[in-house]
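Biologist: Could you walk me through how to read the pockets and the sheet in a model like this one? I'd like the general idea, then the case at hand.

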Amino acid sequence: MDVPLHQIRARRTPETLTVYQAYSPAIGLPAARDGRFPPAWKRDRMTWIKPSFLWMMYRCGWGAKAGQETVLAVEITREGFEWALRNACLSHYARGLHPDRATWQRALKTAPARVQWDPERDLHLQALPHRALQLGLSGEAAHRYADEWIVGITDVTALAHEVHELVRARDLTAARALLPEEPPYPAGDDLLAHLRG
């Protein structure tokens, strides 16, 4: 079955979906322990959340990159996630989607969220022909994320290492069996029409 170029795929329940982030243990461990980010986590910086586990593995090197040794699964409300999408701006100018470059630049400066579509990854972290969503949150969106949307935070570093070890051992069937299920997220044109570019 062909996967659409721009499609959100995410682990979810009727009320929540899971996104991934990776931090140093100084931030990641207390966040997982307390179910919220510690004071060292800066609400005034843009934070990027990723619904794709394997894209997160690509980004953090299976939890081996400096400052990204603790991989977190952050369960957030679907209501919050969809608010961010509705209020997001595409991170790059797309002819035909935006009236002109100046209009896009103004929207980007004021939007509390931005969207990037990066190549999805396979178990070897090689690029696939379809895209994975990255959602950048700043300003109001970052505050809402930290203070309102989070339902729970789980440290999944051990899972990242286990899947990586199976991939290195060439046991892709066992590795695949451990991956979080990420079915297509029901996002129609009302959520994505202004973000496909």
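Predicted model: local features only at pLDDT ≥ 70, side-chain atom pairs only at ≥ 80, totals over all residues.

Biologist: Which strands and helices supply at least two residues each to the lining of the largest pocket?

Modeller: Strand E1 (16-23), strand E2 (47-49) and helix H2 (53-60) do. E1 gives the largest share, three residues.

Biologist: And how does the lining of the largest pocket divide by class?

Modeller: Nine residues are nonpolar, five polar and four charged.

Biologist: What is the volume of the second largest pocket?

Modeller: About 310 Å³. Its lining also has 18 residues, with Arg9, Leu54, Glu120, His130 and Glu182 nearest the centre. H2 turns up here too, along with strand E5 (113-121) and strand E6 (127-137), each supplying at least two lining residues. By class, that lining has nine nonpolar, three polar and six charged residues.

Biologist: On to the sheet, then. How should I read one?

Modeller: Strands of a sheet pair through backbone hydrogen bonds, either parallel or antiparallel. In this model, four strands form an open sheet in the order E2-E6-E5-E4, and the pairing is mixed. E2 and strand E4 (88-90) are the edge strands, each pairing on one side only. From one strand to the next, the twist averages 40 degrees.

Biologist: In which sense do E4 and E5 pair?

Modeller: Parallel, over three bridges.

Biologist: Where does H3 lie?

Modeller: Across E4, E5 and E6, running at about 95 degrees to E6.

Biologist: Why is helix H3 described as largely enclosed by the rest of the structure?

Modeller: Start with the cut-off: a residue is buried when its relative accessible area is under 20%. Seven of the nine residues of H3 (residues 78-86) are buried, so the helix is largely enclosed by the rest of the structure. The buried ones are Arg78, Gly80, Phe81, Glu82, Trp83, Ala84 and Leu85.

Technical notes
Residues numbered from 1 in each chain as written. Heavy atoms only, no water. Nonpolar A, V, L, I, M, F, W, Y, C, P; charged D, E, K, R; others polar. 1 Å grid on protein atoms, 1.4 Å probe; cavity = no way out; pocket = protein on both sides within 12 Å on 5 of 7 lines; lining within 4 Å. Points joined across faces, edges and corners; volume = space filled by probe spheres on them. Buried < 20%, exposed > 50% of the residue type's maximum accessible area, 1.4 Å probe, protein only. Pairing = 2+ DSSP bridges. Axes fitted to C-alpha atoms, helices over the stretch in contact; angles between N-to-C directions. Contact = heavy atoms within 4.5 Å.
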